[in-house]
Amino acid sequence: MKKKVLVVDDEQSIVTLLKYNLEQGGYEVITAMDGEEGRERAINERPDMIILDLMLPRIDGIEVCKQLRQQKVMIPILMLTAKDDELDKILGLELGADDYMVKPFSPREVLARVKAILRRTEQYQEKQQEEPEEEEAILIGDLKIFPERFEAFFKEELLSLTLKEFELLNCLAQNKNKVLTRDQLLSTVWNYDFAGDTRIVDVHISHLREKIEVDSKKPDYIKTIRGLGYKMEEPKGE
């Protein structure tokens, strides 16, 4: 069965370009020309992925993303923006978008990102459907991570993590005490075959710290190694 992609953009030329290239790539494509229609189609038709423009009529892409996540619609979202405005990009990621691209973009790059995101999502869904097995957890301080189950607990409470947040946490935990550069994390977690924006990593690190650190400004678990990247450590006193 073909994967279904919802394209939400008010520029007909962008919609036509994306629709043609995605269909050539083997995807079923549905479209919407404003934020309200995009939100409704996402809820009612449950596509496998959403390509969502930031600047839209009626309600903008950030609000669409926010409302979908509030309604527990966890379909992966690739946000498009014509603005070279870092704040807008970060806002989109903070509200649950998986990635973003700045216009103009190449159809080849869009297809590569769609393929990467859907591949990871499919692997996650397959794991969720499998019968649970006894699995040895990764234990770091009050963190307990089950890589095969895509579950993580902090102080015995199940963490509410997006797929990307879990994969990032797991990657850091699997490499405890090793410094991982932003490029390494981007390659491993986002699985890109081309250069990406490492700010995506920083935003997701910030998300994780909010969920597992007592004080996210003075982290005990995920340390920033200035000029290099990040490292997972056993918290002091543990």
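At 60% relative accessibility, E156 counts as exposed. Select it to begin, and keep in mind that the model on screen is a predicted one. The backbone of E156 has a phi near 70°, a positive value in a residue other than glycine. Show the strands on either side: E156 sits in the loop that runs between β8 (151-154) and β9 (157-158).

Next select K72, where phi is near 60°. This value too is positive, in a residue other than glycine. Is K72 buried or exposed? K72 has a relative accessible area of 64%, and because exposed means over 50%, it counts as exposed. Its place is the loop between α3 (61-70) and β4 (77-81).

**The whole chain**

Zoom out and colour by secondary structure. The chain holds eight helices and twelve strands. It has 238 residues, and 48% of them are buried. For a surface view, the accessible surface of the chain comes to about 12,400 Å², and carbon and sulfur atoms account for 46% of that. Among the contacts in the chain with a separation of 6 or more, 57% are between residues 24 or more positions apart.

Go to K103 and P104. The peptide bond from K103 to P104 is cis, and its omega is near -5°. P104 belongs to the loop between β5 (99-102) and α5 (107-129).

Follow the chain to P107, which is in helix α5. P107 has a relative accessible area of 25% and is partly exposed. Which residues does P107 touch, once those up to four places away in sequence are set aside? They are L17 and N21. Draw a distance between the C-alpha atoms of P107 and N21: the two are 6.5 Å apart in space and 86 residues apart in sequence.

**Helices α7 and α8**

Now select α7 (residues 182-190) and α8 (residues 199-212) together. Their axes come within 9 Å and cross at roughly 80°. The two helices are therefore roughly perpendicular to each other. To see the contact, show side chains for R182, L185, L186 and W190 on α7, and for I200, V201, D202 and H204 on α8. By class, the residues of this contact are five nonpolar, one polar and two charged.

Stay in α7 and pick out V189, which lies in that helix. Its relative accessibility is 1%, so V189 counts as buried. What does V189 contact when neighbours within four places in sequence are left aside? The partners are R120, K164, E167, L168 and C171. Between V189 and V201, twelve residues apart along the chain, the C-alpha atoms are separated by 9.1 Å.

**Helices α6 and α8**

On the α6 side, the contact is made by K164, E165, L168, L169 and L172. On the α8 side are V201, H204, I205, H207, L208, K211 and I212. The classes in the contact of α6 with α8 are seven nonpolar, two polar and three charged residues.

**The cores**

In soluble globular proteins, nonpolar side chains tend to be buried together. Here the largest nonpolar core has 50 residues. Which of its residues touch the most other members? Select I50, L52, L143, L169, L172 and I222 to see them. Helix α6 (residues 163-174) gives the most to this core, with seven residues.

Centre the view on I222. Not counting residues up to four places away in sequence, I222 touches L172, I205, L208, R209, I212, E213, Y230, K231 and M232.

Methods
Residues are numbered from 1 along each chain as its sequence is written. Side-chain values use heavy atoms; hydrogens and water are left out. Axes are lines fitted to C-alpha atoms, for helices over the stretch in contact, and angles run from 0 to 180 degrees between N-to-C directions. Helices (H or I, at least four residues) and strands (E, at least two) are DSSP runs, numbered from the N terminus. Angles under 35 degrees count as roughly parallel, over 145 as roughly antiparallel, 65 to 115 as roughly perpendicular and the rest as oblique. Contact means heavy atoms within 4.5 Å. Ala, Val, Leu, Ile, Met, Phe, Trp, Tyr, Cys and Pro count as nonpolar, Asp, Glu, Lys and Arg as charged, and the others, Gly among them, as polar. Buried means under 20% relative accessible area, exposed over 50%, partly exposed in between (1.4 Å probe, protein chains only). Accessible areas come from the Shrake-Rupley method with a 1.4 Å probe; for residues, only the protein chains shown count as cover. A nonpolar core is a set of buried Ala, Val, Leu, Ile, Met, Phe, Trp, Tyr and Cys residues joined through side-chain atoms within 4.5 Å.
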